[in-house]
There are 2 protein chains.
Amino acid sequence: MTDQITPDWIAVDWGISNLRAFAMRGATVLARARSDEGMATLTRDGFEPALRRLIGDWQVQGAGPVVACGMVGSRQGWVEAPYRNVPCTPLSEGLTRAPARSGLKVYVVSGLAQHAPADVMRGEETQIAGFLALNPGWDGVLCLPGTHTKWALLSAGEVVSFQTFMTGEMFALLSTASVLRHSVAGAGWEAAAFDAAVSDAISRPERLAARLFSLRAGDLLDQRGAGATRAALSGYLIGAELAAARAYWLGQQVAILGTGTQARAYQSALSAQGVSAMLVDTERATLAGLTAAHRSLKAML
Amino acid sequence: MTDQITPDWIAVDWGISNLRAFAMRGATVLARARSDEGMATLTRDGFEPALRRLIGDWQVQGAGPVVACGMVGSRQGWVEAPYRNVPCTPLSEGLTRAPARSGLKVYVVSGLAQHAPADVMRGEETQIAGFLALNPGWDGVLCLPGTHTKWALLSAGEVVSFQTFMTGEMFALLSTASVLRHSVAGAGWEAAAFDAAVSDAISRPERLAARLFSLRAGDLLDQRGAGATRAALSGYLIGAELAAARAYWLGQQVAILGTGTQARAYQSALSAQGVSAMLVDTERATLAGLTAAHRSLKAML
């Protein structure tokens, strides 16, 4: 018989393709659970059963709430948590209650919106709040790599502006579904090819469009190899992003949320531009953000 | 009982996803046939049966050959027809014979290669040859829109250089497989949104990366509509291509191979840059090119 898990609240990070839950006592993680029942796989009625399936073993104490962030709060989610407009703090004091048939009390964090240029985020605001909770008084730019990488300018505890790039999704599509898939399959990575492509794309961003097919042709004609081609594809895409995001990192203090391959690629690309960016653990930031949201919820109730 | 079709040769345009055959007498088309047995669906042994299935009704006279262009000549095709290096005429005098168990005599046109920057084409060289046969003495730039759009600089009957862009494939992937699919579904098209996006991307090509997610966010926040978002996506991608291909069209005489939506989008984008490009029928050019290849084959045999 295993020990019972008795959290006093539950933290949930519910994205498009994943659902992650944490049994919490205060700011301490008692247990973790994860499933692939992301928003994209669920209809509105499916969220509560999916969460029940994942955390069924946990014995929540008293009225212990569930605090959730991410796409769970989108129009296609469990409940629509209205966007808040920047500039603003990453978290509001109010959360949106999701309808639940069982005794679960589920509260969803609002995403952020920006009108010019048009942009939105859901989930990253919680990571930003967590990063600020872990680094009080920090001013500068936070880069949040992912399927859709976000750059956020933070000042005096507020998100001043932000910008989203589809670089991660483009890399995934081009490397698995385009003609380039024949030339990038595998796990190899040539750092020199990445560096050269970043430099090329930053200095001449219009070349991105011209370089993509050349990656395929270069492999056909010169057997360049998957490790070099894959790294060059990533380098062209990240370089083009850095060219467009220059105002976010030039002369700024930059932190990158993430410690994996993608985060280190951004760190390396920024380093070549003379920007030394620190890497921050994503889960730690997410949990710190959800803990801050839970704390403000307790103060409200 | 239908009349028998008795060509003296057969023209074949065999791409990645389509196979098209034409029963020919000299330069005259007697009949057309088409199937979706493109190169991507076939192993090496499958080409001959696929062609037989398509043209089984045709009674080829005497030793009447099959002359084929396109991906049928690639390494994954029926037979590898070696690339020829530019600068060179679009067609060589020699063709590559494909192995056939039946009496078919199948000859495959070589593609073209360029080493710096690395690039390749298979099929377009035949269209270029046909365009030159239809427009003798023409010097200038030919734009061949498609999944992979090619720009070719032609002078004195030779292809001097060329460059391929994955714009068509990017548009297909982004509009059907990325987060943007939610915002571009449908057939609408707002010309003003296309024009504005072309202009934005040509003048500031680094913005392409920044603008893509804004298309989704703009639709979410401002209900911009699929017709405007779809046209803007196309405009950003074509604008970024024009920025990178500037050396090909600036101050040049330009012709566009194609008469459909995509060709007209390129024509409109070029027109906004002060370049008046004529549209040329693709099938006519392909057949003129295959007819020229057949003529040189007859001279050789």
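**A quick tour of chains A and B**

Start with helix α10(B), where a run of residues is buried (20 or more other C-beta atoms, placed from the backbone, within 10 Å of a residue's own): Thr282(B), Ala285(B), Thr286(B), Leu287(B), Ala288(B), Gly289(B), Leu290(B), Thr291(B), Ala292(B), Ala293(B) and His294(B). This is a predicted model, where local features need pLDDT of at least 70, side-chain atom pairs count only at pLDDT 80 or more, and totals for chains, interfaces and linings use all residues. Residues are numbered from 1 along each chain as its sequence is written, while chains are lettered from A and ligands numbered from 1 in the order in which they are written.

**Helices in chain B**
- α10(B) covers residues 282–300, and its 19 residues reach 27 Å from first C-alpha to last.
- Helices here are DSSP runs (H or I, at least four residues), and strands are too (E, at least two), numbered from the N terminus.
- α3(B) (167–177) and α7(B) (226–244) pack at about 150°, with axes 10 Å apart.
- That makes the pair roughly antiparallel (an angle over 145 degrees).
- Residues making this contact include Met170(B) and Phe171(B) of α3(B), and Leu233(B) and Leu237(B) of α7(B); contact means C-beta atoms, placed from the backbone, within 7 Å.

**Where the chains meet**
- 34 residues of chain B are in contact with 34 residues of chain A.
- On chain B's side, α6(B) gives the most, with 11 residues.

**Domains in chain A**
- Chain A has domain 1 (9–135 + 283–300) and domain 2 (165–280), with bounds from an automatic or database domain assignment.
- The C-alpha centres of these two domains lie 31 Å apart.

Conventions: Expected span 1.5 Å × (residues − 1). Buried ≥ 20, exposed ≤ 12 C-beta atoms within 10 Å, placed from the backbone. Axes fitted to C-alpha atoms, helices over the stretch in contact; angles between N-to-C directions. Parallel < 35°, antiparallel > 145°, perpendicular 65-115°, else oblique. Contact = placed C-beta atoms within 7 Å.
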